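Take a look at the protein below. Keep the sequence and the 3D view side by side as you read.

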Amino acid sequence: MGRLSYRGMVMLGAALLSPALALAPASAFAQAATLAAPATAIPGVDMAVATAPRTLGRAGAPVVIEEFASLICPHCAHFEEAFLPRLKADFINTGQVQIIFHDTPSNQVAFKAHIALRCLPLNSYMDARSLVFSTQAQWLGAKDPAKALQDVLGMVGLSSATFDACINSRPLQDYVAGASQQAQELNIESTPTLIIRKGGAEVARVAGPHDYDALAAMLVKAGAKPPAKK
């Protein structure tokens, strides 16, 4: 699993990267936030909700997956489309596993995408996230990816005015930059990376999971009940 510099990632583009995306330095996002336009009010957005944890599954589930993903990462999109539905059916809907989604942008386009997604209501987050991943190649390959992303999020109710206010919001910039810093402190080097926890303690870690059955076995070993045989 190779690593790319931040400048290298920007030059190559997300669509050309290998399955796991190396992370940009958190300092790059902090610098961008410092140089950004002054913070603006965000129409119709509750900042407490915008910065609340994004989770899926029962609070207090015996096993927790912390997912570190970038919205421009092709392998993250594959995990969302191929693995997440099976996890929901086998472990999340049964109350055995909760997923916590961490914003882990890998370049400036991803940085804007993660900020914008947080301006949607909590009950729209998962659908919007899935839409962003499923249309990733289209908006990321556009001449102006940020404008194309804005159009995609308009389909789920995020107005252009709110989108612009979001990506220029200093508090949200700081929040997402802080999340990226936290990922680096946890030695997350690429996306997607999953940390599996039981009772708050890390019991397993996997970068770029390729085998669903192996992941399911890790969850059972961590304490989740195995899914019922079909």
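The paragraphs below go from the whole protein to its sheet, then to its helices and cysteines.

This is a predicted model, in which local features need pLDDT of at least 70 and side-chain atom pairs count only at pLDDT 80 or more, while totals for chains, interfaces and linings use all residues. Residues are numbered from 1 along each chain as its sequence is written, and side-chain values use heavy atoms, with hydrogens and water left out.

Start with the overall picture. The protein has eleven helices and seven strands. Both are DSSP runs, numbered from the N terminus: helices are H or I with at least four residues, and strands are E with at least two. Of the 230 residues, 50% count as buried. Buried means under 20% relative accessible area, exposed means over 50%, and partly exposed lies in between, with a 1.4 Å probe and protein chains only. The accessible surface comes to about 10,600 Å². Carbon and sulfur atoms hold 57% of that surface. Such areas come from the Shrake-Rupley method with a 1.4 Å probe, and for residues only the protein chains shown count as cover.

Now consider contacts, meaning heavy atoms within 4.5 Å. Take the contacts with a separation of 6 or more: 78% of them are between residues 24 or more positions apart.

Next comes the sheet. Five strands form an open sheet in the order β2-β4-β3-β6-β7, with mixed pairing. Two strands pair if DSSP finds at least two bridges between them. Which strands sit at the edges? They are β2 (54-56) and β7 (201-207), each of which pairs on one side only. From one strand to the next, the twist averages 20°.

Follow β6 through this sheet. Strand β6 covers residues 193-198 and runs antiparallel to β3, residues 63-69. Five bridges join these two strands. Is β6 mostly covered or mostly open? It is mostly covered, with five of its six residues buried.

Helices lie across the sheet. Helix α10 (residues 170-185) lies across β3 and β4 (97-103), at about 115° to β4. Helix α11 (residues 212-222) lies across β3, β4, β6 and β7, at about 20° to β6. For these angles, axes are lines fitted to C-alpha atoms, for helices over the stretch in contact, and angles run from 0 to 180 degrees between N-to-C directions.

Zoom in on H102, which lies in strand β4. With a relative accessible area of 15%, H102 is buried. Its neighbors include E66, E67, F68, A69 and Q182, not counting residues up to four places away in sequence. The side chains of H102 and E66 make a polar contact at 2.6 Å. A polar contact is a pair of N or O atoms within 3.5 Å; within protein, one must be able to donate a hydrogen and the other to accept it, and residues adjacent in sequence count only if both atoms are side-chain atoms.

Move on to helix α8, residues 145-154. Seven of its ten residues are buried. Among them are P145, A146, L149 and V152. What do the buried residues of α8 pack against? They pack against α5 (108-117), α6 (125-134), α7 (136-140) and α9 (160-167).

Finish with the cysteines. A disulfide is a covalent bond between the sulfur atoms of two cysteines. Here the cut-off is a pair of cysteine sulfur atoms within 2.5 Å. The structure holds one disulfide. It joins C119 to C166, with S to S at 1.8 Å. The link of C119 and C166 is left-handed, with -130° about the S-S bond. C119 lies in the loop between α5 and α6 and C166 in helix α9, so the pair ties together parts that are 47 residues apart in sequence. C119 is buried at 8% relative accessible area, and C166 is buried at 0%.
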